[in-house]
Amino acid sequence: MDSSCSSKRKQKQTDERPYKGIRMRKWGKWVAEIREPNKRSRIWLGSYSTPIAAARAYDTAVYYLRGPTAPVNFPELLAFDGGLDELSAAAIRKKATEVGARVDAETRCARDRHVPGSELKPDWFEEKPDLNKEPEPEPGFE
């Protein structure tokens, strides 16, 4: 294989995967998973709407699996809160999905705040009437 082919493949992988441990589904969701040490099995870390949330879930799992020297996507954002009592795949998955879901929700809320017209309105909210218009008579009161 020539070097131009391998460099194109490497460039394509970095374009599709902006962070380590994540990939994008055909329909646009970002998913994260990690291989268990000394095993062929993988730990599913969840499906997220943003690549950052998936990468943060991966960072949490890799930290618990491989320790503080593990290479992570966001070393400055990794918060260690005391550790897990057990290092089972289920406990790591739970912790990673909590972090990913929280980041996904924060990212979604921040995005909604900055996009004009995307604010959520309560059910009781009604548009104010245009006071420059002549009101239409209600049926039965003619």
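Okay, let's start with Y19: at 23% relative accessibility, this tyrosine counts as partly exposed. On the wording, buried means under 20% relative accessible area, exposed means over 50%, and partly exposed is what falls in between, using a 1.4 Å probe and protein chains only.

Before I go on, a word on what you're looking at. This is a predicted model, where local features need pLDDT of at least 70, side-chain atom pairs count only at pLDDT 80 or more, and totals for chains, interfaces and linings use all residues. Residues are numbered from 1 along each chain as its sequence is written, and side-chain values use heavy atoms, with hydrogens and water left out.

Back to the aromatics. Rings of Phe, Tyr and Trp (for Trp, its six-membered ring) pair if their centres lie within 6.5 Å; planes under 30 degrees apart are stacked, over 60 edge-to-face, and the rest tilted. By that rule there are two aromatic pairs. In one of them, the ring centres of Y19 and F74 are 5.0 Å apart with the planes at 50 degrees, so that pair is tilted. It links distant parts of the chain: Y19 is in the loop between α1 (3–16) and β1, F74 is in the loop between α2 and α3, and they are 55 residues apart. F74 itself is buried, with a relative accessible area of 12%.

And what about Y63 and Y64? Their ring centres are 5.9 Å apart and the planes sit at 80 degrees, so this pair is edge-to-face. Both Y63 and Y64 are buried.

Those two tyrosines are among the buried residues of helix α2, along with R56, Y58 and D59. Just after α2, G67 takes a positive phi of about 90 degrees.On to charges. A salt bridge here is a side-chain nitrogen of Lys or Arg within 4 Å of a carboxyl oxygen of Asp or Glu, and the structure holds four of them. One of these joins E33 and R23, with the closest N and O atoms 3.1 Å apart. E33 lies in strand β2 (residues 30–35) and R23 in strand β1 (residues 22–24), so the pair ties together parts that are 10 residues apart in sequence. R23, E33 and R42 are linked in a network of salt bridges. Over in helix α3 (residues 89–114), E106 and R102 sit four residues apart, about one turn of the helix, and their side chains meet in a salt bridge at 3.8 Å, N to O.

Last stop, E36, in the loop between β2 and β3 (42–48). E36 is buried, at 16% relative accessible area. Its side chain meets that of K39 in a salt bridge of 3.7 Å, N to O, while K39 is partly exposed at 49%. A polar contact of 2.6 Å also joins the side chains of E36 and S41; that term means a pair of N or O atoms within 3.5 Å, where within protein one must be able to donate a hydrogen and the other to accept it, and residues adjacent in sequence count only if both atoms are side-chain atoms.
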